[in-house]
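Visitor: I am new to this structure and would like to learn how to read it. Could you walk me through a few features?

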Amino acid sequence: MNDLDLQKLYEAALKASENSYSPYSNFPVGAALLLPDGKVITGANIENRSYGLTNCAERSAIFAAASAGYRTFCALAIATPKADYPVGPCGACRQVISEFAPADVPVVFGHNWQNAVKTTVGELYPFDSLHELAK
Ligand code: THU
């Protein structure tokens with residue numbers, strides 16, 4: 001995947017962060033998935049006054065894509081505009097990401113495009129937990 005396409009996906013994630021519902025953390029996050037047919041599905045973090053019910057942006061996007069019938073994606077971008085360093089996905093999201101994407105799928109995350117970290121699903125989640133059950 002070329003840098004320009006990844007940057008466009010990052011910008012979609014940044015835009016999605018505007019829909020974040022995060023009155024408790026005041027930490028908006030947006031995520032964007034590039035799907036095999038070229039479509040993009042986004043998600044934002046949705047918090048709850050019962051804090052543990054919060055859904056991260058990555059899982060919001062993945063669950064929206066899976067609910068629309070998709071079972072894999074080609075790239076993932078995550079934007080955390082209020083951070084002052086690139087914030088990677090949490091452990092729970094890494095497990096969920098790995099359910100729907102092979103290890104070589106590119107992932108970009110950051111508080112802005114210039115300082116974003118470019119990595120892969122496999123780098124974020126090595127020694128994939130329970131991988132044998134997904135076969
Ligand atoms: N959050 C995400 O949505 N994705 C991440 O990768 C890191 C954390 C959310 C959860 C919570 O709403 C807020 O950011 C602060 O932790």
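**Reading the model together**

Guide: Let's start towards the end of the chain: Phe 127 lies in the segment after helix 4 (121-124). Helices (H or I, at least four residues) and strands (E, at least two) are DSSP runs, numbered from the N terminus. This is a predicted model, in which local features need pLDDT of at least 70 and side-chain atom pairs count only at pLDDT 80 or more, while totals for chains, interfaces and linings use all residues. Residues are numbered from 1 along each chain as its sequence is written, and side-chain values use heavy atoms, with hydrogens and water left out.

Visitor: What is the phi of Phe 127?

Guide: Most residues other than glycine have a negative phi. Phe 127, though not a glycine, has a positive phi near 50°. Leu 130, in the segment after helix 4, also is not a glycine and has a positive phi of about 65°.

Visitor: Is Phe 127 buried or exposed?

Guide: Buried means under 20% relative accessible area, exposed over 50%, and partly exposed in between (1.4 Å probe, protein chains only). Phe 127 is exposed because its relative accessible area is 83%.

Visitor: How many residues of helix 2 are buried?

Guide: Helix 2 (57-67) is mostly covered, with 8 of its 11 residues buried. Among them are Ala 57, Ile 62 and Ala 66. The cover over these buried residues includes strand 1, strand 2, strand 3 (75-79) and helix 3 (91-100).

Visitor: How do helix 2 and helix 3 pack?

Guide: Two packed helices are described by the angle between their axes and the distance between the axes. Axes are lines fitted to C-alpha atoms, for helices over the stretch in contact, and angles run from 0 to 180 degrees between N-to-C directions. Helix 2 and helix 3 pack at about 30°, with axes 10 Å apart. They are therefore roughly parallel to each other, a label for angles under 35 degrees, whereas over 145 is roughly antiparallel, 65 to 115 roughly perpendicular and the rest oblique.

Visitor: Which residues meet where helix 2 and helix 3 pack?

Guide: Contact means heavy atoms within 4.5 Å. From helix 2, Glu 58, Arg 59, Ile 62, Phe 63 and Ala 66 meet Cys 93, Val 96, Ile 97 and Phe 100 of helix 3. These contact residues divide into 7 nonpolar, no polar and 2 charged. Here Ala, Val, Leu, Ile, Met, Phe, Trp, Tyr, Cys and Pro count as nonpolar, Asp, Glu, Lys and Arg as charged, and the others, Gly among them, as polar.

Visitor: How many aromatic pairs are there in the whole structure?

Guide: Rings of Phe, Tyr and Trp (its six-membered ring) pair if their centres lie within 6.5 Å; planes under 30 degrees apart are stacked, over 60 edge-to-face and the rest tilted. A search of the whole structure finds 2 such pairs. One of them is the tilted pair of Tyr 10 and Trp 113, 5.9 Å centre to centre with 45° between the planes. This pair links distant parts of the chain, 103 residues apart: Tyr 10 sits in helix 1 (residues 3-16) and Trp 113 in the loop between strand 4 (106-110) and strand 5 (117-120). Tyr 10 is buried, at 1% relative accessible area, and Trp 113 is buried at 12%.
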